[in-house]
Amino acid sequence: MKFLYTFTFILICSLVFAQKSGSINGKIVDKNTQEVLPFVNLQILGTSKGATSDDLGKFRITDIPVGTHNIKFSYVGYKDLILYNIVINSGNESTFQIELEQSSNNLTELEVTAKKETAFTGTLESPLSIQKLTAEEIKANPGGNFDISKVIQILPGVGGGVGGGSFRNDIIIRGGASNENVFYLDGIEVPVINHFQTQGSSGGPQGMLNVSFIEDVKLSSSAFDAKYDNALSSVFQFKQKTGNPNQLQGNVRLSATELATTLEGPINDKTTFLASARRSYLQLLFKAIDLPIRPNYWDFQTKITHQIDKKTSLIFVGLGAIDEFSFAIPEDYSAEKAQIINSSPSINQWNYTVGVSLKRLINNGYWNLALSRNMFNNNIVKYEDNEAPENSPKTLDLNSREAENKLRFDINQNINNWKISYGLSSQLVKYTNQTFNVIRKEVIDANGNLVQPKVSINFESPLNPFVKYGAFVQVGKRMSKFGFSGGLRTDMNTFTTSGRNPIKTLSPRVSMSYYINNQWSINASAGRYSKLPPYTILGFANSKGSLVNQNAEYQISNHLVGGVEFLPNESQRFTLEGFYKYYQNMPISKANGISLANLGTDFNVLGNEEVLFTGKGKTYGIEFFAQKKLTKRFFGVYSYTFYRSLFSGTDGKMISSSWDNRHLMSFAMGYKFKKNWELGLKFRYQGGAPYSPIDETTSKLNYVTQGVTFYDYSRLNTLRLGAFNSSDIRIDKKINFKKTALDLYIDVTNWYLAKSPAVPEFTLKRNENNTGFQTTDGLPLKSDASNGVSVIVNDPSALVTPTIGFIWEF
């Protein structure tokens with residue numbers, strides 16, 4: 001209540017404040033050569049404010065009226081660029097790194113106008129299947145909670161997993177598995193971007209990246225540049241801004257779930273920095289709504305930029321997190337909450353990525369040298385009775401660590417209007433894994449008969465450090481109305497049986513675009529992409545200590561995509577695309593015969609078992625996307641995707657995968673009122689996900705020791721959940737003081753209380769006083785639970801999450 005009084009008081013006081021101003025700065029370079037561009041014209045549209053970049057390509061504009069503006073950059077011989085939805089306030093000075101693209105000498109004046117860098121996001125290498133979000137679009141996204149991994153679910157072809165993405169950030173791109181995506185932060189690969197990430201996959205409940213660092217995010221769902229390895233479904237490129245070179249500044253962000261602090265500024269006249277730390281308060285939120293789990297995390301992020309000389313620059317990036325997961329007995333105990341406690345493991349993780357990137361300008365281009373190291377430490381423990389672990393035997397104890405040391409070198413040049421890039425990469429990998437896991441405990445009935453034999457694994461991985469290495473080349477040219485790009489990549493390793501054969505992973509790709517006129521274009525691409533299976537698979541050993549998956553093959557995904565793009569004006573974009581993907585060498589669980597492409601969205605480990613590499617799969621569909629950049633106070637996006645996702649198991653039959661939702665639809669809009677009020681609204685719909693029937697006999701037999709649900713994989717994905725839908729709303733009020741600014745916001749997730757479908761789970765009925773389980777004979781529960789009373793938990797939940805928070809910029 002005190003916060004509400006304070007909120008109201010500040011709003012009233014803000015009405016009498018005089019209009020304040022803000023400023024921007026940045027640097028402008030050629031997109032292809034990275035050479036600085038002097039004397040570029042800048043215009044704050046709708047105002048008299050403007051400037052020209054100096055001989056070093058740098059610019060700064062001060063005394064800009066606070067509010068939301070669009071900024072236009074124009075330069076002779078280059079395509080115009082407009083930055084939309086740039087919020088100017090009296091707190092932080094915004095810094096931009098601007099890249100302008102040359103106009104082709106062969107294009108007519110009409111055609112030059114056609115592809116201005118505005119709503120258009122494609123490149124010569126990736127003319128289609130590419131989307132971009134700016135930092136402001138991420139910050140203002142309702143229900144996103146400043147989490148980039150959640151915000152991207154409004155883009156076409158992006159699903160949120162079985163539960164619609166309401167709880168976890170399982171990024172499902174065009175029906176592919178969650179571990180088919182790769183992530184790059186300023187050119188440094190970052191394997192872990194989520195807290196409590198599922199090892200062997202990539203999802204988790206909360207993203208790690210600080211949106212205050214981000215300038216924009218680009219998603220490529222096909223037509224990948226050949227320099228990116230290990231991508232089957234998508235490549236995410238996170239472009240971080242550069243620290244302010246003029247002054248020390250920062251912000252503090254407080255919400256119901258976290259507290260984050262960011263600082264930036266100059267170290268000297270050649271060096272700037274960004275640094276942040278964030279603390280979670282999810283455990284307090286979960287306690288307030290009486291959930292039995294208590295997640296807790298910290299994360300840290302930094303970037304240092306140093307200009308060595310006019311042609312050489314150095315960037316250091318760092319990202320890390322500490323995650324802790326524990327349980328608490330809820331006040332309102334129930335069979336559902338008992339099931340959550342006893343089926344979930346306790347998780348303790350930490351991870352980091354640090355990297356240095358050196359860029360040097362050369363004749364007609366530049367080269368990049370990137371050296372990085374990342375480490376992921378995962379400790380998972382589960383007991384027969386998670387409520388009283390001190391008196392209960394362990395059923396799972398996993399200690400695993402993944403470490404990669406990476407070196408990448410690439411050369412990028414523009415020669416006679418040919419865009420050429422080529423390079424090499426190498427990685428030294430070290431993986432350790434100590435696992436004790438009781439999958440099924442031995443069960444003997446009252447007559448001494450063996451009902452179920454014990455199934456367990458207990459090993460220490462003998463996997464020695466090994467090397468991954470690869471090479472690529474990409475060539476493209478824009479010729480009048482026609483654009484063409486072709487690439488070739490190969491990857492190898494020193495561990496797997498056939499890993500040194502470059503022909504097996506030879507990955508050709510080609511993309512083409514044709515501009516019909518100044519508004520319409522036709523685009524197409526075809527490519528073959530490869531990925532080494534997760535280290536959890538490669539490092540798995542049997543009870544004798546033998547690595548049983550050394551015969552692993554690179555997973556293959558073949559893409560064929562075509563579409564049209566319509567740009568009616570500089571601020572609007574419409575795309576329609578059809579896609580087809582065919583998978584080969586997909587891992588199949590030897591134990592249950594299903595494709596691992598169906599798994600990886602829980603809080604366990606994916607791939608820590610013996611697998612076969614004979615699986616196949618295919619996904620296909622059609623996407624529509626409409627985007628309206630900010631003009632006249634309104635901006636919004638709409639996307640719809642129809643698709644199918646099918647994978648095969650040991651029987652070779654293609655059946656619906658766990659991600660075969662078929663329908664994805666999203667709509668997000670924002671409206672900026674006068675006096676710095678903003679309204680955001682988002683709606684998402686996701687078709688019902690397939691799931692498998694419960695094996696009640698096995699689930700009941702193992703409930704006492706495992707507490708988890710066993711599913712009947714002989715009838716894999718033969719059932720289907722109801723559709724997921726949800727809407728979020730957000731209201732912002734920005735208040736500008738003399739040298740600081742305050743953004744007060746209210747964000748309500750699932751404001752109309754839509755029920756989220758969930759896969760049914762098995763548990764046993766509790767007794768009336770919640771001291772134990774109800775039994776059919778009134779006696780204590782037997783070890784095989786034969787006298788327990790079965791309960792199927794299948795109640796869709798409707799959870800609304802209101803958040804009141806602020807961002808203070810200083």
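Is Arg 360 buried, partly exposed or exposed, and what is its relative accessible area? Arg 360 is partly exposed, with a relative accessible area of 29%, where buried means under 20%, exposed over 50% and partly exposed in between, calculated with a 1.4 Å probe on protein chains only.

This is a predicted model, in which local features need pLDDT of at least 70 and side-chain atom pairs count only at pLDDT 80 or more, while totals for chains, interfaces and linings use all residues. Residues are numbered from 1 along each chain as its sequence is written, and side-chain values use heavy atoms, leaving out hydrogens and water.

**View 1. Asp 309 and Arg 360 form a salt bridge.** The closest N and O atoms are 3.5 Å apart, a salt bridge being a side-chain nitrogen of Lys or Arg within 4 Å of a carboxyl oxygen of Asp or Glu. Asp 309 lies in strand β20 (residues 293-309) and Arg 360 in strand β22 (residues 346-362), so the pair ties together parts 51 residues apart in sequence; strands (E, at least two residues) are DSSP runs numbered from the N terminus. Asp 309 is partly exposed, with a relative accessible area of 33%.

**View 2. Glu 623 meets Arg 174 in a salt bridge of 2.8 Å, N to O.** Glu 623 belongs to strand β35 (residues 611-631), whereas Arg 174 sits in the loop between β10 (172-173) and β11 (181-185), 449 residues apart. Both Glu 623 and Arg 174 are buried.

**View 3. Glu 189 pairs with Arg 408 in a salt bridge, the closest N and O atoms being 2.6 Å apart.** Both Glu 189 and Arg 408 are buried.

Methods:
Helices (H or I, at least four residues) and strands (E, at least two) are DSSP runs, numbered from the N terminus.
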